[in-house]
Each structure stands twice: as C-alpha cells, then as structure tokens.
Amino acid sequence: TMVGTSKWVEITDADPTHSQRYIDRFAKMAEEGRDLAGEARFADAMVPRGARVLDAGCGPGRVGSQLVALGHQVVGVDVDPVLIAEAQRVCPSATWLVGDLAELDLEARGVAGGFDAILCAGNVMTFLAPSTRGQVLVHLGRHLAEGGRLVVGFGADRGYEFEEFRRHAEEAHLAETLALGTWDLRPFTAASDFLISVLGRAVSSSPPTADQAA
C-alpha cells in the first residue's frame, strides 16, 4: 500500500544538504554545552534498568545514544538514511534502521516488538505526511509491550493541532495517561505551546489493525 510522502522527505529531496546541516546544528549545540538530554532523562525515569526502548524518528541518534549510555536496549528508526548513518557512527551498539514510521513492522525485519517505552520526540509527528499520522500511532501502539507507554512530543503551530492528535490517538485505541508542557515536567495548560502526551493501550478494546488505520 502506498503511503503519503513525509514532509521531511520532501524537504531533503528539495535540499540534499539539509540532513547534514541538521546534524551539524545539534553538534554545535552540544559543543556549546546546551542541555540536549531532556527527552532521554524523561524516558529513563519511566522504565526499569535495561529496558527496551524504541526511538521512533530517531534522527542522528541524539536521544537513543543517551539511553544506551544509561543502560537501555535501543532500536531507532528514521526515514532519513543520512541521519541513520550518523546514529550508527555515534552509537554502534544500538540498532538503527532506515524506515518510514507509516510502514513500521519491526518483526518483519527481524526485530522483536514488545517495547517498554516508545519515544517519538523532536516534532516527528509534525513531519509526517498528514494522511499517515493516525496510521503511525496504530503502528507504534502495536509495538508496545503489555503495560508499555508511548511518549509523543511536538510543538504547536506546526500544522497538527493537539486535539486532532488526541483524536487520532483515541482512534488508535491509545489512552492519554499524562499530558505535560515541557520535558522538565511542567504541566500542560491551555496556554502551552508544546505537548508531551504519555499514552498507553486503551484497556477497553483491541487495537486496530494496520489495514484499518490506512
């Protein structure tokens, strides 16, 4: 089944230097001593030692590599092969895969599902093709372990309203258990310009299949 082309792919197709400039920008921020570990600290607090974590839309491995350093087993997936190559260079002990989240099926690629946590940070949801957003949430939910949690973080004014996201999550049989406005645990309010949604499988019904979400 054909899926819509993500906004990220459209950007990189139009500008082949974009991915490397993205890598360089975050490298410069790290050199300047900027705190780039907020998402990793957040995820680390949610799971036991040695947890299995899926970094969905992992980019160049910034968050996933930090989680590996904290002792977790990380699988990262991103549609951009340039970013995945950088992640492999930075942290060869994790598993990094090129793939579209709208077609996510790790078991078909020899990687077990059943993740304790799935992290989808860095405005990944807003770079997806709008037609695939609900489908991506279905796929992510299907890769959760029993009792596992999905964390999605993205900003306002990026073409994806928070309430539309919540509707997609509900349709994917995911229940929001916590909403925050920042990675340092400040509450989400009506004035928040960023949403961190912690989701788990809804207990009342079975998750939809990928075909139903398409």
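**Helices, sheet and side chains**

Mentor: This is a predicted model. Helix H8, residues 162–171, lies across S5, S6 and S7, and runs at about 10° to S7.

Trainee: In what order do the strands of the open sheet follow one another?

Mentor: The sheet is open and holds seven strands, with mixed pairing. Its edge strands are S3 (95–98) and S6 (174–180), each of which pairs on one side only. Neighbouring strands are turned by 20° against each other on average, with direction ignored. The order is S3-S2-S1-S4-S5-S7-S6.

Trainee: Which residue in S7 is the bridge partner of Val151?

Mentor: Strand S5 covers residues 144–155 and strand S7 covers residues 194–201. The two run antiparallel and are joined by six bridges. In S7, the bridge partner of Val151 is Val198.

Trainee: At about what angle does helix H7 run to S5?

Mentor: Helix H7 comprises residues 133–142. The helix lies across strand S1 (52–56), strand S4 (115–120), S5, S6 and S7. Its angle to S5 is about 145°.

Trainee: How many disulfides does a search of the whole structure find?

Mentor: A disulfide is a covalent bond between the sulfur atoms of two cysteines. For Cys91, the closest cysteine sulfur is that of Cys58, at 11 Å, which is too far for a bond. The sulfur of Cys120 likewise has its closest cysteine sulfur in Cys58, at 11 Å, again too far for a bond. The number of disulfides found in the whole structure is zero.

Trainee: Is Cys120 buried or exposed?

Mentor: The cut-off for a buried residue is a relative accessible area under 20%. Cys91, with 6% relative accessibility, counts as buried. Cys120 has a relative accessible area of 0%, and therefore its class is buried.

Trainee: With the side chain of which residue does the side chain of Arg62 make a polar contact?

Mentor: Arg62 is found in helix H4, residues 62–69. Leaving aside neighbours within four places in sequence, Arg62 is in contact with Phe26, Leu36 and Glu39. For Leu36, the backbone oxygen lies 2.7 Å from a polar atom of the Arg62 side chain. The side-chain to side-chain polar contact, at 2.9 Å, is with Glu39.

Methods:
Residues numbered from 1 in each chain as written. Predicted model: local features only at pLDDT ≥ 70, side-chain atom pairs only at ≥ 80, totals over all residues. Heavy atoms only, no water. Pairing = 2+ DSSP bridges. Helix = DSSP H or I, 4+ residues; strand = E, 2+ residues; numbered from the N terminus. Axes fitted to C-alpha atoms, helices over the stretch in contact; angles between N-to-C directions. Contact = heavy atoms within 4.5 Å. Disulfide = S-S within 2.5 Å. Buried < 20%, exposed > 50% of the residue type's maximum accessible area, 1.4 Å probe, protein only. Polar contact = N/O pair within 3.5 Å; in protein donor to acceptor, adjacent residues only side chain to side chain.
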